[in-house]
Amino acid sequence: MQKQPQWKDRFSEMVQVCQEELKRTTEIGKKMLSASKTNTTLHEAYEELGHLTFKAVEEGKLEFDDARVKELVNTIKSCEFDLEKIENDVNDIKKNSKE
């Protein structure tokens, strides 16, 4: 008869440990989701700042005497040109496939 209460106590202890671990894991998960959302917001802010800065540089409102900035501006212009050409090519392909 004395072994059954020990077994119940041990089982209750194991359930409590599992519950505590689940709570910790849940809290960690919540923190990770929060960090992910914050990281996304940070990325979006950096991206928007980059777009605004690029636009200001293009319009001559902001000048950088930095070789890396000039290199990035040239890369952006080149990529935009390439994307426009690709889009035109795709539209031509679509147009020709309908004929």
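Me: Why is Phe11 called partly exposed?

Reply: The model is a predicted one. Phe11 has a relative accessible area of 46%.

Me: What makes Trp7 exposed?

Reply: The relative accessible area of Trp7 is 56%. Exposed requires a value over 50%, so Trp7 counts as exposed.

Me: Why is the pair of Trp7 and Phe11 called stacked?

Reply: The structure holds 1 aromatic pair. In that pair, the ring centres of Trp7 and Phe11 are 5.8 Å apart and the planes stand at 10 degrees. Centres must lie within 6.5 Å for rings to pair, and planes under 30 degrees apart count as stacked; the rings of Trp7 and Phe11 are therefore a stacked pair.

Me: Where do Trp7 and Phe11 lie, and how many residues apart are they?

Reply: Both are in helix 1, residues 3-58, at a separation of 4 residues, or about one turn of the helix. In general, residues three or four places apart in an α-helix point the same way, because there are 3.6 residues a turn.

Me: What makes the contact between Lys61 and Glu59 a salt bridge?

Reply: The closest N and O atoms of Lys61 and Glu59 are 3.1 Å apart. The cut-off is 4 Å between a side-chain nitrogen of Lys or Arg and a carboxyl oxygen of Asp or Glu, so Lys61 and Glu59 form a salt bridge. By this rule the count comes to 8 salt bridges. Lys61 is exposed, at 67%, whereas Glu59 is partly exposed, at 42%.

Me: Why is the contact between Lys70 and Asp65 called a salt bridge?

Reply: The N to O distance between the side chains of Lys70 and Asp65 is 3.7 Å. This lies within the limit of 4 Å, and the pair therefore counts as a salt bridge. Asp65 is exposed, with a relative accessible area of 78%, and Lys70 is partly exposed at 47%.

Me: How do you know that Asp89 and Lys85 are about one helical turn apart?

Reply: Asp89 and Lys85 are both in helix 2 and 4 residues apart, which means a separation of about one helical turn. Asp89 and Lys85 also form a salt bridge, with the closest N and O atoms 3.3 Å apart. Both are partly exposed: Asp89 has a relative accessibility of 33% and Lys85 one of 46%.

Me: What is the span of helix 2, and which residue caps its N-terminal end?

Reply: Helix 2 comprises residues 67-98, 32 residues in number, and reaches 47 Å from its first C-alpha to its last, close to the expected 46 Å. Asp66 is the cap at the N-terminal end, with a side-chain oxygen 2.7 Å from the backbone nitrogen of Arg68.

Me: How many disulfides are found, and what makes Cys18 exposed?

Reply: The search of the whole structure finds 0 disulfides. Cys18, in helix 1, has a relative accessible area of 52%. Exposed begins over 50%, so Cys18 is exposed. Cys79, at 39%, is partly exposed.

Conventions. Residues are numbered from 1 along each chain as its sequence is written. This is a predicted model: local features need pLDDT of at least 70, side-chain atom pairs count only at pLDDT 80 or more; totals for chains, interfaces and linings use all residues. Side-chain values use heavy atoms; hydrogens and water are left out. A disulfide is a pair of cysteine sulfur atoms within 2.5 Å. Buried means under 20% relative accessible area, exposed over 50%, partly exposed in between (1.4 Å probe, protein chains only). Helices (H or I, at least four residues) and strands (E, at least two) are DSSP runs, numbered from the N terminus. The expected span of a helix is 1.5 Å times one less than its number of residues. A polar contact is a pair of N or O atoms within 3.5 Å; within protein, one must be able to donate a hydrogen and the other to accept it, and residues adjacent in sequence count only if both atoms are side-chain atoms. Rings of Phe, Tyr and Trp (its six-membered ring) pair if their centres lie within 6.5 Å; planes under 30 degrees apart count as stacked, over 60 as edge-to-face and the rest as tilted.
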